[in-house]
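Please have the sequence and the structure open while I talk.

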Amino acid sequence: MNESTHTLNTIEEMTRCGHERVCFHVDEETGLRAIIAVHSTKLGNALGGVRRWHYANEHEAIYDVLRLSEGMTWKAACAGLAMGGAKSVIMLPEKGLAGTREVARAMGRFIDTFSGTYIGAEDVGVSPQFTDWMLEQTDHVMGGTGEGQGGDPSPHTAMGVIYGMQASLRHVGRDQFAGLTVAIQGLGSVGTYLAEFLNERGAELIVADHHDDKVKHVADTCNARVVSCDEILGVKCDILAPCALGAILDEKSIANLKTDIICGAANNVLKDPEADARRLSDKGVLYAPDFVVNAGGLIHLAGLYLGYTLDQLQAMIARIEETTMTVFEMTGAHETTGHAALALAKQRIEEGTAQEQVNAH
Ligand code: NAD
């Protein structure tokens, strides 16, 4: 996923980032080439998406799966889940190759060898149908078309972002969406639900997407103003919600921002997490860390896997508001909101591990 070329010494990198286990798999019959990385099981088994992507080389794939699996550990810990962090990638021989049932089933068998330590789910390039096919070979996959496995996580992710926005508004001394302007970049699965939820709450919307049909749907149903994809990051608004791709905030786009708050679903929105977080803070823009506010879908799928009821899951997703507030409160002692969120995740892992040790005696 990253354009630069990475040459990695995998064991050294695993040691540096604290990964527990990385497994490579080649299925001769179907041509599947996949990697599963388990970063941490300190808090429990680990759920993370299966990404299908054409990587320039093996190092790119390893870099991606190591980085993404580590991110899942912090996301699950901040979400208060008894879950660790993991992720997997399927290396496509060519761009945009459609997923077949045979390959999906082979991936399901690979996942099954982890006996539940790793639980797969949808990610970039994996459709609900592909997920259903993986499920033919293992019980340790969530999502897909069946509600029993959690179905589409997007509405839950969008609702979590709403809670993150509520915390952000409270932090800047405001308390309701009515009369506010929210700009949404990307009207895919999450962005469209987010637009609906914000419209119900009385926010004025400005939206952009490359797909005219998606834009028209949201313009018609939510009375949203449409701008071009080039304009959306620079529109004047109270909240900007990135719901498209990562790495969209850099020195140039941050200089053009006209928003008070950044709070959206897209992962890794800061191109340079350290420098760009500082730039936002220097500009007086409140950044709600992506992995804290976009955890609603993970909470839904992981929570179902862990046996929580739907009511309990809703309550856990609502807790994203308090968690985001905690992150903002902790930021005084840390350089940026991102540093504070990471500190909170590490604190929860330490507390969870300590609790387990007490229980074991
Ligand atoms: P999606 O693929 O359904 O939608 C993404 C949309 O963004 C597409 O409609 C695409 O056309 C649009 N887009 C791409 N580049 C754009 C640009 N420059 N300007 C405007 N629009 C652009 O993805 P999704 O499931 O809605 O997820 C959105 C983001 O949230 C992704 O980064 C994803 O990784 C992250 N996320 C999603 C979930 C989930 O539950 N689906 C959970 C956590 C994080």
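The lining of the largest cavity is made up, by class, of 8 nonpolar, 1 polar and 1 charged residues, where Ala, Val, Leu, Ile, Met, Phe, Trp, Tyr, Cys and Pro count as nonpolar, Asp, Glu, Lys and Arg as charged, and the others, Gly among them, as polar. Please keep in mind that this is a predicted model, in which local features need pLDDT of at least 70 and side-chain atom pairs count only at pLDDT 80 or more, while totals for chains, interfaces and linings use all residues. Residues are numbered from 1 along each chain as its sequence is written, and side-chain values use heavy atoms, with hydrogens and water left out.

The residues that line this largest cavity are P242, I262, C263, G264, A265, A266, V269, Y287, A288 and D290, and its volume is about 30 Å³. On a 1 Å grid over the protein atoms alone, a cavity is a set of points where a 1.4 Å probe fits but cannot get out, whereas a pocket is an open set with protein on both sides within 12 Å along at least five of seven lines, and lining residues have an atom within 4 Å of a point. Grid points are joined across faces, edges and corners, and a volume is the space filled by probe spheres set on the points. By this rule, the count is 1 cavity of 30 Å³ or more.

Let me turn to the strands in that part of the chain. An open sheet of 6 strands runs in the order β8-β7-β6-β9-β10-β11, with parallel pairing. At its edges stand β8 (225-226) and β11 (286-287), each with a single partner strand, so one side of each is left without a neighbour in the sheet. Here helices (H or I, at least four residues) and strands (E, at least two) are DSSP runs, numbered from the N terminus, and two strands pair if DSSP finds at least two bridges between them. Strand β10 (residues 261-262) is joined to β11 by 2 bridges, and I261 has L286 as its bridge partner in β11. Across β6 (181-185), β9 (239-242), β10 and β11 lies helix α5 (residues 154-171), which runs at about 155 degrees to β9; axes are lines fitted to C-alpha atoms, for helices over the stretch in contact (heavy atoms within 4.5 Å), and angles run from 0 to 180 degrees between N-to-C directions.

What is the strand order in the open sheet of 5 strands? The order is β1-β2-β4-β3-β5, with mixed pairing, and neighbouring strands of this sheet are turned by 25 degrees against each other on average, direction ignored. Strand β1 (residues 21-27) runs antiparallel to β2, joined by 7 bridges, and their hairpin has 4 residues between the strands, with G31 taking a positive phi near 85 degrees. Strands β3 (residues 46-53) and β4 (residues 84-91) pair in the parallel sense over 6 bridges, and α2 packs on the sheet, touching β1, β2, β3 and β4.

That brings me to the second largest pocket, which holds about 180 Å³ of space. Its lining includes C17, H39, W74 and K346, and β2 (32-40), α2 (58-78) and α14 (337-360) are the elements that give two or more residues to it. The most comes from α14, with 3 residues, and by class the lining has 3 nonpolar, 4 polar and 4 charged residues.

Finally, there are 16 salt bridges, each being a side-chain nitrogen of Lys or Arg within 4 Å of a carboxyl oxygen of Asp or Glu. In one of them E13 pairs with R16, the closest N and O atoms being 2.8 Å apart.
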